[in-house]
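Please keep the sequence and the structure in view while reading.

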Amino acid sequence: MWLKRHRRYSVTSNRRRRNKLSVTLCNLGVGATFGESILHDLPRDSTVVTKTTCELLRVEQQDFRLIFEVGGKFIRKCAPGTELVEWLLNLSPIVHTRTQAAGMWQALLEEGVLCHVAKEQPFKDKCFLYRFKSDEDGTAGGAPTSDDVNHANEHIREALPALLHRGPDATLRMILRKPSHERTQEELELVYEELLHIAALSHLSTSIKRELASIIVFEAHAHAGTVYWDKFN
């Protein structure tokens, strides 16, 4: 729970409850949290008692678990998109903006390295849950050693420049796969700026290009021999 407004709580130990004795462990003020045991499905080890009038925000355990459950299964080894973006921003100074970081994760998602836990979303800098493909199929193994972590961090830093270069294209493809009514104004502006670099459209007016930004779509064909234009039809 999160203490929103007003005054204080005291936290007491339950260990002597049978003898009706309690020991004050700490006092909590505005902004404090308690009830973290729901994260690990553990029994409560203390009692929280209000000392004054209080207002707080509460999340029921069953509701909290639904965030991490897909199809009735508890999803482990996952993280929200917002945290993945922040991790990249903190990892290297070459990643300057959240948009850049989100594009890099989208590139990894397109390549199958990362996936949305329910396979329903492209990468978004929001509280949607994502995980690595190796964690999904069970090939990741057990907990990494410190040497594994250091080696992985070094490898990631070496790969960041290439990933940063591919991020904008991945972001553009993601936008162009969306229906026009789902594209935000910021996304439409990004598509419009891309259209400015297409020579075949240079003779069109600005207003026409902006209209095109809302209706142009992306498509990909994995196999050779696909007929795009048949002169006989």
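The sections below go from the overall fold to individual groups of residues.

## Overall picture

The model described here is predicted. Its secondary structure consists of seven helices and ten strands. The protein has 233 residues, and buried residues make up 25% of them.

The accessible surface of the protein amounts to about 16,600 Å², and carbon and sulfur atoms account for 54% of this area. Among contacts with a separation of 6 or more, 54% are between residues 24 or more positions apart.

## Salt bridges between helices and loops

The count of salt bridges in the model is seven. One of them joins Arg98 to Glu86, with the closest N and O atoms 3.8 Å apart. This pair links distant parts of the chain, since Arg98 belongs to helix H3 (residues 98-110) and Glu86 to helix H2 (residues 81-91), twelve residues apart. Arg98 has a relative accessible area of 32% and is therefore partly exposed. Glu86 is also partly exposed, with a value of 38%.

Another salt bridge connects Arg166 with Glu111, and here the closest N and O atoms are 1.5 Å apart. Arg166 lies in helix H5 (residues 146-176), whereas Glu111 lies in the loop between H3 and strand E9 (114-116), so the pair ties together parts that are 55 residues apart in sequence. Arg166 is partly exposed, with a relative accessible area of 38%. Glu111 counts as partly exposed at 45% relative accessibility.

## A buried salt bridge and a network

The closest N and O atoms of Lys178 and Glu187 are 2.7 Å apart. Elsewhere, salt bridges with shared partners join Glu86, Arg98 and Asp125 into one network.

## The buried side of helix H6

Helix H6 covers residues 185-195, and its buried residues include Glu187, Leu188, Val191, Tyr192 and Leu195. Why do these residues lie on the same side of H6? They cover an arc of only 140 degrees around the axis, which puts them on the same side of the helix. A general rule of geometry applies here: an α-helix has 3.6 residues a turn, so residues three or four places apart point the same way.

The buried residues of H6 pack against H5 and helix H7 (206-215). The charged end of Arg210 sits over the ring of Tyr192, at 3.9 Å from the ring centre.

## Aromatic residues

The structure contains four aromatic pairs. In the pair of Trp87 and Trp105, the ring centres are 6.2 Å apart and the planes meet at 40 degrees, so the pair is tilted. Trp87 is in helix H2 and Trp105 in helix H3, 18 residues apart, and the pair thus links distant parts of the chain. Trp87 is partly exposed, with a relative accessible area of 37%, whereas Trp105 is buried, with a value of 3%.

Trp105 also pairs with Phe132; this pair is tilted, with 6.1 Å from centre to centre and 55 degrees between the planes. Phe132 lies in strand E10 (residues 129-132) and is 27 residues apart from Trp105 of helix H3. At 33% relative accessibility, Phe132 counts as partly exposed. One aromatic cluster is formed by Trp87, Trp105, Phe123, Tyr130 and Phe132.

## Leu129 in strand E10

Strand E10 also holds Leu129. With a relative accessible area of 7%, Leu129 is buried. How far apart are Leu129 and Leu84 in sequence and in space? The two residues are 45 residues apart in sequence, and the distance between them in space is 9.7 Å, C-alpha to C-alpha.

Note on methods: Residues numbered from 1 in each chain as written. Predicted model: local features only at pLDDT ≥ 70, side-chain atom pairs only at ≥ 80, totals over all residues. Heavy atoms only, no water. Helix = DSSP H or I, 4+ residues; strand = E, 2+ residues; numbered from the N terminus. Buried < 20%, exposed > 50% of the residue type's maximum accessible area, 1.4 Å probe, protein only. Contact = heavy atoms within 4.5 Å. Areas by Shrake-Rupley, 256 points an atom, 1.4 Å probe, with all protein chains shown as cover. Salt bridge = Lys/Arg side-chain N within 4 Å of Asp/Glu carboxyl O. Arc of directions from axis to C-beta. Phe/Tyr/Trp six-rings, centres within 6.5 Å; stacked < 30°, edge-to-face > 60°. Lys NZ or Arg CZ within 6 Å of the ring centre and 35° of its normal.
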